[in-house]
Amino acid sequence: MANIEKRHALLNFRQLSYFLALAEHGSISAAASAMNMAQPSLSENIAKLEKMLDVQLAIRGTRGIQMTEAGMALARRGGEILKSLDELVEDIRSLSGAPRGPVSVGLPPSLSILLSVPLLETIHTEFPDIRLHIAEAMSGDILDWINSDRVDVGCVYEAYDSAPYSFEPLLTEELFLITAPDNWQGEIGPDGVALDAISAAKLQELPLVLTSPTHGARKLQEKFARSIGVQFNVVAAIDSLPHIVEMVSRASAYTILSHGAVINQVADGTLALVRIEEPTIRRTAYVVRKRTRPVTKACAIVESRIFMIIQEMVHRYGIKAVLHGEASKLPPPELEKLAS
């Protein structure tokens, strides 16, 4: 116990926060102003910290301060320590009372279109003490973020047996041939779906714009093509959903996407869906998190709202998808509450 107290005496968190302000702002005056304290008081606390650690942390000059090697190390590790301390406080507070604290979510582009704004609005309205951050990336990147604790929870289009992750099915989407209406010879129904389907084998006859071969969606599409013995005619590879959509809407090519990825364009008539048959292409989205990362109340709330919003979007807009897990069990009154 004595040794612990001794180590704590060497590192005063308040003095550490003063030093981090100095490292961030580059001068005593700017740091003191940011901390709302007098310059002599800040200088005195920095001097005490250097004396306790028995090392010079910063070199004072007429144009500000310059960090020593020890100062740079303390600024880097000290920032991590204070961040961890803040997270610890938030975690303890979240164990009682209303859900609160930061929650970060990683979403792939096609699901971000459906989830991002409704999820942010719902959390802000119902749980104002939850600070929600949404980042958009490909499924592989999201898994890396979860593994490195950069995000708390994510949605991905790939799942595998792996001890570090917990996967829960969210929905299974049918993938369509996406076309500009005037680039399709058949009739388009009022719901934006072509009355006639296309056989999977005939996809090789069309110019396609897809993502690059390393992209998870492209891997799924190529795997599907190999399974039916065809080779897609990929005329362009673009790792940007908005750019793919724009190219297709200009009738320059076709693509293969879910209904949810182009829900707005189908609704306004700039794009149309063509069912792919013999066979149909489907993919499943999963909610994923790290098994060893504790689930806070705030994170559990955000996860539940992901399921609720997906169900509401599928039913409201007639998205061609099959719901899984919690989303398929929510009663209609919950949907009406969420929609209002």
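**Figure 1. Helix 5 and the nonpolar surface patch.** Helix 5 (residues 69-94) contributes five residues to the nonpolar patch, the most of any element. This is a predicted model, in which local features need pLDDT of at least 70, side-chain atom pairs count only at pLDDT 80 or more, and totals for chains, interfaces and linings use all residues. Residues are numbered from 1 along each chain as its sequence is written, and side-chain values use heavy atoms, leaving out hydrogens and water. Helices (H or I, at least four residues) and strands (E, at least two) are DSSP runs, numbered from the N terminus. The patch covers about 490 Å² and is made by Phe-13, Ile-81, Leu-85, Leu-88, Val-89 and Ile-92. Patch residues have over 30% relative accessible area and no salt bridge; like charges are joined within 9 Å, nonpolar side chains (Val, Leu, Ile, Met, Phe, Trp, Tyr) within 5 Å. A salt bridge is a side-chain nitrogen of Lys or Arg within 4 Å of a carboxyl oxygen of Asp or Glu. Areas come from the Shrake-Rupley method with a 1.4 Å probe; for residues, only the protein chains shown count as cover. Val-89 sits in helix 5. Val-89 is partly exposed, at 36% relative accessible area (buried is under 20%, exposed over 50%, partly exposed in between).

**Figure 2. The largest nonpolar core.** This core holds 32 residues, and Val-105, Val-302, Ile-306 and Ile-310 have the most contacts inside it. A core is a set of buried Ala, Val, Leu, Ile, Met, Phe, Trp, Tyr and Cys residues joined through side-chain atoms within 4.5 Å. Elements giving two or more residues include strand 3 (101-107), helix 6 (109-126) and helix 11 (297-317). Helix 11 supplies the largest share, 10 residues. Beyond its neighbours within four places in sequence, Val-302 contacts Val-103, Val-105, Leu-119, Ile-123, Ile-130 and Leu-132 (contact means heavy atoms within 4.5 Å).

**Figure 3. Leu-206 in its loop.** Leu-206 lies between strand 7 (198-199) and strand 8 (207-210). With 15% relative accessibility, Leu-206 is buried. Leaving out residues up to four places away in sequence, Leu-206 touches Leu-177, Ile-198, Asn-233 and Tyr-254. Asn-233 is 27 residues from Leu-206 in sequence, yet their C-alpha atoms are 6.4 Å apart.

**Figure 4. Aromatic pairs.** The whole structure contains two such pairs. Rings of Phe, Tyr and Trp (its six-membered ring) pair if their centres lie within 6.5 Å; planes under 30 degrees apart are stacked, over 60 edge-to-face, the rest tilted. Phe-167 and Tyr-286 pair edge-to-face, 6.1 Å centre to centre with 80° between the planes. Phe-167 is in strand 6 and Tyr-286 in strand 13, so the pair ties together parts 119 residues apart in sequence. Ring pairs join Tyr-165, Phe-167 and Tyr-286 into a cluster.

Technical notes. Buried means under 20% relative accessible area, exposed over 50%, partly exposed in between (1.4 Å probe, protein chains only).
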